Amino acid sequence: MSTSTKLRIAVIGAGNVGTTLGKRFSDAGHTVVYGVRSAADAKYEGLTVAGIRDAAASADVVLLTTPWAAAQDALQAAGDLAGKVLIDATNPIGPGMVLTHGTTDSGAEQVARWAPSARVVKAFNSVGREVMANPSFDAQRSVLWLCGDDQAACDTVAGLATDIGFEPLRVGPLARARFVEPAALVWITATAALATREFSWGLLRR
Ligand SMILES: NC(=O)c1ccc[n+]([C@@H]2O[C@H](COP(=O)([O-])OP(=O)(O)OC[C@H]3O[C@@H](n4cnc5c(N)ncnc54)[C@H](OP(=O)(O)O)[C@@H]3O)[C@@H](O)[C@H]2O)c1
């Protein structure tokens, strides 16, 4: 179900994923502010930017889209996220395409430890930015796996995913990120096998 509530979304990290999702959410009627380290930088021309703390302070939803190595710093810069939905779109990938958190822990759970008062939902990590820009494949929509411990926060994120054309698929509590994060590596690996980034995962049912 799409969300009828228009949300204030702070996107931390105005890079590939941040600007792609930011534009989609903005086009869907939500208010988007990018939280960046140097708001005066000319490279942000055309985007609504603010310092990370200011952007997060006025947001209902904070979307984390930094490299994994910067996630802790970025969350520290964001300050207290009490009660806010925090979407973790990062992938905890270190040098050599190795996951820094495996199947007994996850980046999302680490994010929740770094931001203990936030309502963390793992989402938007498992497909490339090209799919985020357009999740439609003829009559089908790309599936978007998401998980989190706070059901209302998951509802909000599922609504946002629906708003921009995904078919959200909830896979349980935040600890399921232990499986959702490695799945991103399957997508990344498949880009080489398929020689394209214009593909995604669909859901077959019967
Ligand atoms: N690319 C994809 O298709 C894709 C898909 C799914 C998930 N992901 C995941 O999404 C995350 C972002 O990927 P991306 O491709 O968007 O990366 P990117 O283009 O390099 O963008 C990263 C952004 O993070 C910002 N940043 C870096 N360090 C920061 C810090 N300490 N505090 C605040 N902001 C900081 C950068 O800002 P500056 O300009 O100031 O350096 C940049 O705008 C990664 O964790 C990646 O694994 C990527």
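I will go through the ligand site of this predicted model and then a handful of individual residues elsewhere in the chain.

The shell consists of 26 residues, and the closest of them are Asn16, Val17, Arg37, Lys43 and Thr66. If we sort that shell by residue class, we find 12 nonpolar residues, nine polar ones and five charged ones. As for the secondary structure behind it, three helices each supply at least two residues of the shell, namely α1, which runs over residues 16-27, α3, at 71-78, and α5, at 129-133. The ligand sits in the largest pocket.

Which atoms of the protein approach the oxygen atoms of the ligand? On the backbone side, a polar atom of Val17 is 2.8 Å from a ligand oxygen, and a polar backbone atom of Ala14 is 3.2 Å from an oxygen of the ligand. From a side chain, there is Arg197, with a polar atom lying 3.2 Å from a ligand oxygen. Taken on its own, the ligand has 900 Å² of accessible area, and the protein covers 77% of that.

Staying for a moment with helix α1, I would like to point to Gly22, which is found in that helix. Buried or exposed, then, for Gly22? Gly22 counts as buried, because its relative accessibility is 0%, and the cut-off for that label is under 20%. Its C-alpha atom is separated by 9.1 Å from that of Leu63, a residue 41 positions away along the chain.

Thr90 has its place in the loop between β5, residues 85-88, and β6, residues 93-94, and at 3% relative accessibility Thr90 counts as buried. What does the side chain of Thr90 contact? It makes a polar contact with the side chain of Asp88, at 2.6 Å. The other one is Ala115, in the loop that lies between α4, residues 107-114, and β8, residues 119-122; with a relative accessibility of 8%, Ala115 counts as buried as well.

Val49 belongs to strand β3, which covers residues 49-51, and here the label is an intermediate one: Val49 is partly exposed because its relative accessible area, 23%, falls between the 20% and 50% limits. From Val49 to Ser136 the C-alpha distance is 29 Å, and the two are 87 residues apart in sequence.

I will finish with backbone geometry. Most residues other than glycine have a negative phi, and with that in mind there are two residues to look at in the model. Asp138, which is not a glycine, has a positive phi of about 50 degrees, and its place is in the loop between β9, residues 136-137, and β10, residues 140-141. Ala195, also a residue other than glycine, has a positive phi near 55 degrees, and it is found in the segment after α7, the helix at 177-194.

Notes
Residues are numbered from 1 along each chain as its sequence is written. This is a predicted model: local features need pLDDT of at least 70, side-chain atom pairs count only at pLDDT 80 or more; totals for chains, interfaces and linings use all residues. Side-chain values use heavy atoms; hydrogens and water are left out. A residue is near a molecule or strand if one of its heavy atoms lies within 4 Å of it. A polar contact is a pair of N or O atoms within 3.5 Å; within protein, one must be able to donate a hydrogen and the other to accept it, and residues adjacent in sequence count only if both atoms are side-chain atoms. Accessible areas come from the Shrake-Rupley method with a 1.4 Å probe; for residues, only the protein chains shown count as cover. On a 1 Å grid over the protein atoms alone, a cavity is a set of points where a 1.4 Å probe fits but cannot get out, and a pocket is an open set with protein on both sides within 12 Å along at least five of seven lines; lining residues have an atom within 4 Å of a point. A molecule sits in a cavity or pocket if more than half of its atoms lie within 2 Å of its grid points. Helices (H or I, at least four residues) and strands (E, at least two) are DSSP runs, numbered from the N terminus. Ala, Val, Leu, Ile, Met, Phe, Trp, Tyr, Cys and Pro count as nonpolar, Asp, Glu, Lys and Arg as charged, and the others, Gly among them, as polar. Buried means under 20% relative accessible area, exposed over 50%, partly exposed in between (1.4 Å probe, protein chains only).
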